[in-house]
Amino acid sequence: MVEPLQLHRLTNRTLWRISQLQRDPSAESWAAEVERIVFEGAAASHFRDPGSAFLVADASGTIVGAGLHYAHETMQFVQYIAAVFVDPRHRRRGLGGALMQAVIDDALVRSGRPYVAWVVHPLNTAMLMTSRRLATEIGVDQPTGYLQFAFPD
Amino acid sequence: MNSFVVSDLARQRREVVDAARDEPVLIRDTDGVMLVLTTEDRQRHIDRVLDLYALHARAEIECRRRHPNPAALGEIAFVADWPAERRHAFLDGLGEALDEARRLGQTEPVDFYIRWHTPFVGPGPSALDPGVTGRLGEALQSRLGR
């Protein structure tokens with residue numbers, strides 16, 4: 001049984017709660033890219049958009065992960081999920097799937113857009129399994145090899 | 001705030017020091033001057049908070065100029081190149097993070113806010129690459145019939 005997650009939208013006042021999460025020192029390069037979005041503000045320009053949400057997830061009061069989605073600029077029917085991250089100390093508990101589902105739900109409700117989309121690195125097996133369970137695999141981005149997903153079908 | 005007299009430093013040294021570990025204590029010297037005894041950590045925190053408030057005030061003035069001077073912006077010099085609207089949004093956020101830092105008695109809300117907005121060197125993450133999302137858009141449009 002996966003613990004229930006609560007999402008909290010980060011604001012300028014609460015952004016620092018990200019620092020309660022731990023980075024993975026042994027992260028593969030593709031995972032490090034997600035960490036750069038979460039910890040280093042690689043998508044900071046989207047943080048200001050009213051249609052975006054930078055979220056932390058807590059399970060029983062402990063911050064266990066984070067997610068970021070924003071309104072895609074050119075695809076006006078798509079809310080784009082740029083990052084979903086689970087703290088390495090809380091992995092292998094099914095939280096990744098629960099967090100992904102929560103971020104998808106939040107993205108749809110908050111944006112009012114009909115579709116949510118994201119990409120997954122082909123070596124990110126855990127997120128690939130989760131994405132295939134939750135969404136439709138659209139294709140492969142040729143230059144990067146990232147797999148593309150969208151919800152709903 | 002506990003207060004002592006300077007002779008207590010000799011007579012009740014342990015009590016004074018233990019009290020100062022918990023919170024700053026006042027020590028009245030023989031000429032009436034009040035001294036404050038506190039931990040190094042707390043003093044560093046106070047110094048950092050003062051620095052941050054000064055930085056915020058300085059930046060508010062500097063960013064009203066058409067071409068802000070990066071040297072005057074110190075650790076947030078990176079905003080000098082930003083468009084005015086983005087600079088002001090950043091400073092509003094910095095002010096909110098400062099309020100939160102004061103409320104919590106720790107500077108992490110501001111320190112993290114600045115770190116997170118500091119532009120990093122190097123290519124951006126692939127997941128943010130417009131090439132990825134652009135192709136995703138084409139695929140989605142054809143697949144979803146939009």
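**Entry 1: a helix of chain B**

Helices (H or I, at least four residues) and strands (E, at least two) are DSSP runs, numbered from the N terminus.

I note that this is a predicted model, in which local features need pLDDT of at least 70 and side-chain atom pairs count only at pLDDT 80 or more, while totals for chains, interfaces and linings use all residues. Residues are numbered from 1 along each chain as its sequence is written, and chains are lettered from A and ligands numbered from 1 in the order in which they are written.

Which residues of α5(B) are buried? I listed B:Arg87, B:Phe90, B:Gly93, B:Leu94, B:Ala97, B:Leu98, B:Glu100 and B:Ala101. Seen down the axis of α5(B), these buried residues fall within an arc of 165°, so they line one face of the helix. The arc is taken from the directions from the helix axis to the C-beta atoms. I wrote the general rule beside this: an α-helix has 3.6 residues a turn, so residues three or four places apart point the same way.

I then checked the length. The 21 residues of α5(B) should span 30 Å at 1.5 Å a residue, and the end C-alpha atoms are 30 Å apart, which agrees. The expected span is 1.5 Å times one less than the number of residues. Just after α5(B), B:Gly105 has a positive phi of about 70°.

**Entry 2: what packs on that helix**

The cover over the buried residues of α5(B) includes α3 (40-62) and α6 of chain B. I looked at α6 in detail. Helix α5 (residues 84-104) and helix α6 (residues 108-117) of chain B pack at an angle of about 150°, with their axes 7 Å apart. Axes are lines fitted to C-alpha atoms, for helices over the stretch in contact, and angles run from 0 to 180 degrees between N-to-C directions. That makes α5(B) roughly antiparallel to α6(B), a label for angles over 145 degrees; under 35 is roughly parallel, 65 to 115 roughly perpendicular and the rest oblique.

On the α6(B) side, the contact is made by B:Pro109, B:Val110, B:Tyr113 and B:His117. The residues from α5(B) include B:Phe90, B:Leu94 and B:Leu104. Two residues are in contact if their C-beta atoms, placed from the backbone, lie within 7 Å.

**Entry 3: chain B as a whole**

I noted seven helices and three strands in chain B. Along the sequence they follow the pattern β-α-α-β-β-α-α-α-α-α. Of its 146 residues, 23% count as buried.

**Entry 4: a helix of chain A**

**Entry 5: one buried residue**

Is A:Ala66 buried or exposed? A:Ala66, in strand β3 of chain A, is buried, with 28 other C-beta atoms within 10 Å. A:Ala66 and A:Ile18 are 48 residues apart along the chain, and their C-alpha atoms are separated by 7.6 Å. Leaving aside neighbours within four places in sequence, the contacts of A:Ala66 include A:Ile18, A:Val38 and A:Phe85.

I looked up two positive phi values outside glycine. A:Ser60 has a phi of about 55° and lies in the loop between β2 (53-59) and β3 (62-71). A:Ser60 is exposed, with 9 other C-beta atoms within 10 Å. A:Arg92 has a phi near 65° and sits in the loop between β4 (78-86) and α3 (95-111). A:Arg92 also counts as exposed, with 9 C-beta neighbours inside 10 Å.

Last, I found that the peptide bond from A:Phe151 to A:Pro152 is cis, with omega near -5°. A:Pro152 lies in the segment after β7 (147-151).

Definitions and conventions
Buried ≥ 20, exposed ≤ 12 C-beta atoms within 10 Å, placed from the backbone.
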